[in-house]
Amino acid sequence: MLIIKKGDLVGDQISHEDIAIKGNKIVKIAPDIQATKDDTVIDASNCYVFPGFIDAHTHFAMTNALATTADDFSTGTKAAILGGTTTVINFATPPASGSLIEGFNQALDKARDVSSCNYRFHMEITQFGENLESEIKMMKALGVSSYKVYLAYAFRLNDGDIYRTLAAVKQVGGVLGAHCENGQLIDVLVEKYRNKGALSPASHPLCHPAEIEAEAINRLAYIGKMVDYPVHVVHLSSQLGLAEIRAARKAGGEITVETCPQYLLLDDSCYHLPGFESAKYMFSPPARSLTDQQALREAIINGEIQTIATDHCSYNYQGQKTLGRNDFIKVPNGIPGVEQRLPLMYTLFDQTAGLGPVELVRLLSENPAKLYHLYPQKGILAVGSDADIVVYQKNGEFQITAENQAENVDYTPYEGFRVKGQVKEVVLNGVQVVKNGQLILENGGIYAK
Ligand code: URP
Ligand code: ZN
Ligand code: ZN
Ligand code: ZN
């Protein structure tokens with residue numbers, strides 16, 4: 001057996017107990033479990049012991065019209081596991097005019113045998129085909145029940161097709177997440193700023209104002225109400241968007257909400273950096289004002305936001321972001337962050353009255369596990385649950401820098417941030433894969449059905 005001793009276990013409350021693991025499951029939780037000579041012991045003194053964290057929003061190995069992400073499954077999942085994320089839910093894009101199954105198989109091929117944390121997929125619906133309903137039923141048998149639609153970008157769905165997609169997802173009891181920004185309005189603003197010759201990254205937030213997010217959330221919420229089925233808003237960024245969520249809930253709508261570390265820690269001053277540096281912060285929706293940041297933090301304290309995921313979508317500054325040196329719309333959108341989510345959020349929660357380790361588990365592990373039907377195998381430390389476990393050293397401080405990161409990208413938007421504690425040991429599927437902060441076993445990840 002593998003025994004984790006002397007740690008503080010975090011769930012709905014904190015308890016000082018030991019955990020015994022056999023095979024890939026937790027078999028016992030009790031004070032002072034005695035180890036025999038055949039057992040391996042992990043010392044968790046002065047550490048929190050967390051259920052493995054789930055990052056339900058990553059884009060590894062994604063290719064769009066502008067570029068291919070810097071992280072594939074090999075590098076992205078190494079960064080994830082070193083940062084305490086034991087399961088990622090990555091977005092899978094079906095090929096143009098291909099089926100969901102094809103898209104799913106391509107995604108599996110990219111992840112299989114090269115992933116150092118567990119993985120599963122959300123399927124992106126970028127066009128509504130006549131067969132979508134039956135395909136969604138077939139996908140359920142393969143363990144896929146979550147989908148994403150975009151209200152922005154060239155591959156956005158129109159409102160009627162979002163309605164149809166949600167109705168099809170409802171039939172299988174699945175989850176529909178949506179990128180909520182009004183794509184038509186973004187296009188008009190992009191044209192306006194480009195015609196004016198305002199071609200630097202400073203134009204990016206001007207083309208994605210919070211109104212554009214709020215309007216799309218409003219529309220999605222009404223579609224949800226008409227289909228009589230919950231909807232999930234990914235990467236909520238603004239106070240105005242939050243107001244729409246509150247209004248919809250007040251009117252009886254069921255909405256779950258994800259936000260990301262970038263909306264809690266970065267602000268729109270990053271669009272006024274010298275030279276071309278602001279390109280490093282081009283992601284959508286963009287970083288907002290400090291008022292927005294504060295509103296989202298309060299919404300977490302109030303329980304209005306259910307999950308925190310990264311939207312990790314990494315592009316190198318040199319050679320990828322710089323493609324847009326003369327025109328901001330040629331900068332590929334997205335930022336890295338899968339590796340730093342836990343230390344950043346641990347530190348923020350530690351500094352925020354009303355938040356702490358219990359809430360950290362809720363937003364980064366338990367709630368995503370529940371939303372995506374992985375609970376109670378994941379998202380909780382309990383007898384019978386999967387032995388995906390993170391031992392986090394409570395004290396000490398380190399400074400984030402791109403030089404030391406495992407992410408395969410030449411910068412981090414969190415450069416210089418000081419964070420508290422650090423990931424010390426990680427157990428994945430019952431096997432210790434991170435020891436004293438070092439990855440000792442690669443490619444141990446499996447498809448999390
Ligand atoms: O800028 C971003 N977030 N890129 C990734 C794709 C998305 O919209 O989630
Ligand atoms: Zn203790
Ligand atoms: Zn998105
Ligand atoms: Zn995304």
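In strand E2, Glu 17 is the bridge partner of Gly 7. This pairing belongs to the predicted model, in which strand E1 (residues 2-10) and strand E2 (residues 14-22) run antiparallel and are joined by seven bridges. Three residues lie between E1 and E2, and the two strands form a hairpin.

E1 also takes part in parallel pairings. With strand E4 (residues 40-43), E1 pairs in the parallel sense over four bridges, and Leu 2 stands opposite Thr 40 of E4. A further parallel pairing, over two bridges, links E1 to strand E5 (residues 47-51); here Leu 9 is placed opposite Val 49.

Lys 148 is located in strand E9, which spans residues 146-150. An unreviewed UniProt entry annotates Lys 148 as a modified residue, N6-carboxylysine. Lys 148 is classed as buried because 21 other C-beta atoms lie within 10 Å, the threshold for this class being 20 or more. Leaving aside residues up to four places away in sequence, the contacts of Lys 148 comprise Phe 91, His 122, Glu 124, Gly 177, Ala 178, His 179 and Val 234.

His 179, one of the residues in contact with Lys 148, is also part of the shell around ligand 1. By residue class, the shell around ligand 1 consists of five polar, two nonpolar and one charged residue.

Technical notes
Residues numbered from 1 in each chain as written. Chains lettered and ligands numbered in written order. Predicted model: local features only at pLDDT ≥ 70, side-chain atom pairs only at ≥ 80, totals over all residues. UniProt positions renumbered as here; feature names shortened; annotations may be inferred. Buried ≥ 20, exposed ≤ 12 C-beta atoms within 10 Å, placed from the backbone. Contact = placed C-beta atoms within 7 Å. Near = placed C-beta within 6 Å. Nonpolar A, V, L, I, M, F, W, Y, C, P; charged D, E, K, R; others polar. Pairing = 2+ DSSP bridges.
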